[in-house]
Amino acid sequence: MLTDILTMQNALVNMADVIACALIKRQKPMEDLVSRTALCKEFGRAWVEKNEAQGLLVGNRSGAGKNSKILFSRLQAVALLEAERQFRAEIKGKYSKM
């Protein structure tokens, strides 16, 4: 029972992080945008590359030039990470009931 409560607490904290990122994006959209380097520092290069290859993380050029920086939405990354956590928890729950 205690592990269920701790799991729920962690899920709520993670969801609050997603909500906070959504508020930042609505109030100050430019502050939501981060470079690929910053995204890799926060989430790990392997995670970013895997999700880019799958088309789950998509960056947009900040300008018209071919050398302009590609920026990513931090909200998109945080929401994707939380979705992965929830998916893993759901699968884990299904197999633990067997």
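Guide: Buried means under 20% relative accessible area, exposed means over 50%, and partly exposed lies in between, with a 1.4 Å probe and protein chains only. This is a predicted model, in which local features need pLDDT of at least 70 and side-chain atom pairs count only at pLDDT 80 or more, while totals for chains, interfaces and linings use all residues. Residues are numbered from 1 along each chain as its sequence is written, and side-chain values use heavy atoms, with hydrogens and water left out.

Visitor: Why is Glu-82 called buried?

Guide: The relative accessibility of Glu-82 is 4%, which is under the limit, so Glu-82 counts as buried. Glu-82 is part of helix 5 (residues 74-96); helices are DSSP runs of H or I with at least four residues, strands are runs of E with at least two, and both are numbered from the N terminus.

Visitor: What makes the pairing of Glu-82 and Asn-14 a polar contact?

Guide: A polar contact is a pair of N or O atoms within 3.5 Å; within protein, one must be able to donate a hydrogen and the other to accept it, and residues adjacent in sequence count only if both atoms are side-chain atoms. The side chains of Glu-82 and Asn-14 are joined at 3.4 Å, so the pair meets the distance limit. Glu-82 also touches Ala-11, Met-15 and Val-18, when residues up to four places away in sequence are not counted; touching, or contact, means heavy atoms within 4.5 Å.

Visitor: How do you know that Asn-51 is buried?

Guide: Asn-51, in helix 4 (residues 45-53), has 0% relative accessibility and therefore counts as buried. The Asn-51 side chain reaches the backbone oxygen of Trp-47 at 2.9 Å. Apart from neighbours within four places in sequence, Asn-51 contacts Leu-56, Leu-57, Leu-80 and Glu-84.

Visitor: Why is helix 3 called oblique to helix 4?

Guide: Axes are lines fitted to C-alpha atoms, for helices over the stretch in contact, and angles run from 0 to 180 degrees between N-to-C directions. The axes of helix 3 (residues 36-43) and helix 4 come within 7 Å and cross at roughly 120 degrees. That makes helix 3 oblique to helix 4, because angles under 35 degrees count as roughly parallel, over 145 as roughly antiparallel, 65 to 115 as roughly perpendicular and the rest as oblique.

Visitor: What makes Val-34 and Ser-68 count as buried?

Guide: Val-34 has 18% relative accessibility and Ser-68 has a relative accessible area of 16%, so both are buried. Val-34 belongs to strand 1 (residues 33-35), and contacts Leu-39, Ile-70, Leu-71, Phe-72 and Arg-74, apart from neighbours within four places. Ser-68 is in the loop between strand 2 (60-61) and strand 3 (70-73). The Ser-68 side chain reaches the backbone oxygen of Gly-65 at 2.7 Å.

Visitor: Where is confidence lowest, and where is it highest?

Guide: The lowest mean, 84, is in helix 5, and the highest, 96, is in helix 4. The protein averages a pLDDT of 89, and 92% of the residues score at least 70. pLDDT is the predictor's confidence in each residue, from 0 to 100.
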